[in-house]
Amino acid sequence: MTQSTKVVAITGASSGIGEATARRLAAGGHRVFLGARRTGRLERLVEEITREGGTAAFRKLDVTDAADTRTFVDAALAEYGRVNAVVNNAGLMPLSPLAALKTEEWNRMIDVNVRGVLHGIAAALPAMRAQGGGHFVNIASVGAYEVSPTAAVYCATKFAVRAISEGLRQESAGDIRVTLVSPGVTESELADSISDPEAREAMQSYRAVALPATAIAEAIAYALSQPPEVDVNEIVVRPAASAQ
C-alpha cells in the first residue's frame, strides 16, 4: 500500500450509499472492508470490485451489537494492518406520526442510527489513536437540521449523529478527523422500511426528485482525499431541483 492508499471500513455497505461508496473508493485505489447483515450482497459486491481491479473484503455486521462492531473493525485490521477511516453509514428510516405509537420502530432507529454510530466510533477510535490518526465519516441527513411531520424520531437520531460528530471533532482536534455528510433525498432502500401507510404515500411524492447514491459517494471521497491538515467537517448534499 502507498501512503495515499487508505483502508476504509464501511457499515451498511450492501446497498445504497454504502455500496456506492465502496465502489467509488475501491475504484480510486483504496482498500475497503465492508459490513452489513446481508452477506450475500456483500459477497457479490466484493467479487465485482475485485474483478474490476479493486481490493475489498467483507464481514457480516450488526451495528447494534457493540461486540460485533469491535470484531468487524478487528477483522479489518487483521486483513489490512490498519484502518484509516470508518464510514458509519448504516441507517433506518421507518417514518410515522408519533401518535401511531410505533415504539418498536423508534427503538430500532435509535439502535441503528445512534448506537450504531457510537459503536463504530468505540470500535475504531483506540486503533486510530494507536496508529497516529484516522477519519470518521458519519452519515446523517438534512433531517439533522430540520424536522418534518412523521420524521420526529428519525430526525432526532440524525440530530444526535450531528451532535456526536461535533463532539468527537472537538475532542480529537489534530488527531482524528471527523466529517458529517448529510444527504437530501437520495436513491436508497431507506423508504422501504416505512410501515405507516400515510407516511409511505407522502414519501413517494417527497422522493420524486432524488440524488443518485453515487453523488454521496463522491462527497465522501472528497472528504477522505484531503491532506492531513484539512478537516472537512460538514457536507450537505441536496438535489439541485429540490427545495427540500
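How many aromatic pairs does the structure hold? It holds one. Before I describe that pair, a word on where the values come from. This is a predicted model, in which local features need pLDDT of at least 70 and side-chain atom pairs count only at pLDDT 80 or more, while totals for chains, interfaces and linings use all residues. Residues are numbered from 1 along each chain as its sequence is written, and side-chain values use heavy atoms, with hydrogens and water left out.

Now the pair. Rings of Phe, Tyr and Trp (for Trp, its six-membered ring) pair if their centres lie within 6.5 Å; planes under 30 degrees apart count as stacked, over 60 as edge-to-face, and the rest as tilted. Here the ring centres of Phe33 and Phe72 are 5.2 Å apart and the planes stand at 45°, so the pair is tilted. Phe33 belongs to strand β2 (residues 31–36) and Phe72 to helix α3 (residues 66–80), so the pair links distant parts of the chain, 39 residues apart. Helices (H or I, at least four residues) and strands (E, at least two) are DSSP runs, numbered from the N terminus. Both Phe33 and Phe72 are buried, where buried means under 20% relative accessible area, exposed over 50%, and partly exposed in between, with a 1.4 Å probe and protein chains only.

Next, the sheet. In what order do its strands stand? The order is β3-β2-β1-β4-β5-β6-β7, an open sheet of seven strands with parallel pairing. At the edges are β3 (55–60) and β7 (234–237), each with a single partner strand, so one side of each has no neighbour in the sheet. On average, neighbouring strands are turned by 15° against each other, direction ignored. Two strands pair if DSSP finds at least two bridges between them. Between β5 and β6, which run parallel, there are six bridges. Within that pairing, Asn138 has Leu180 of β6 as its bridge partner, and Ile139 has Val181 of β6.

Strand β6 deserves a moment. Eight of its eight residues are buried, so β6 is largely enclosed by the rest of the structure. Both of its faces are covered: one side carries Ile176, Val178, Leu180 and Ser182, and the other Arg177, Thr179, Val181 and Pro183.

Now the helices against the sheet. Axes are lines fitted to C-alpha atoms, for helices over the stretch in contact, and angles run from 0 to 180 degrees between N-to-C directions; contact means heavy atoms within 4.5 Å. Helix α1 (residues 16–27) lies across β1 (7–11), β2 and β6, at about 165° to β1. Helix α4 lies across β4, β5 and β6, at about 170° to β5.

On to the cores. A nonpolar core is a set of buried Ala, Val, Leu, Ile, Met, Phe, Trp, Tyr and Cys residues joined through side-chain atoms within 4.5 Å. Which residues touch the most other members of the largest one? Val86 and Phe136 do, in a core of 37 residues. Two or more residues come from each of β1, α3, α4, α5 and β6, and α4 gives the most, with nine. A second, separate core of 33 residues includes Ala20, Ala85, Leu211 and Val232.

Asn88 lies in strand β4 (residues 85–88) and is buried, with a relative accessible area of 3%. Leaving aside neighbours within four places in sequence, its contacts include Thr11, Gly116, Phe136 and Ile139. Asn89 lies in the loop between β4 and α4 and is buried at 12%. With the same exclusion, Asn89 is in contact with Thr11, Gly12, Ile17, Gly18 and Ile139.

Last, the whole chain. There are seven helices and seven strands, in the pattern β-α-β-α-β-α-β-α-β-α-β-α-α-β. Of the 244 residues, 50% count as buried. Among contacts between residues at least 6 apart in sequence, 69% join residues at least 24 apart.
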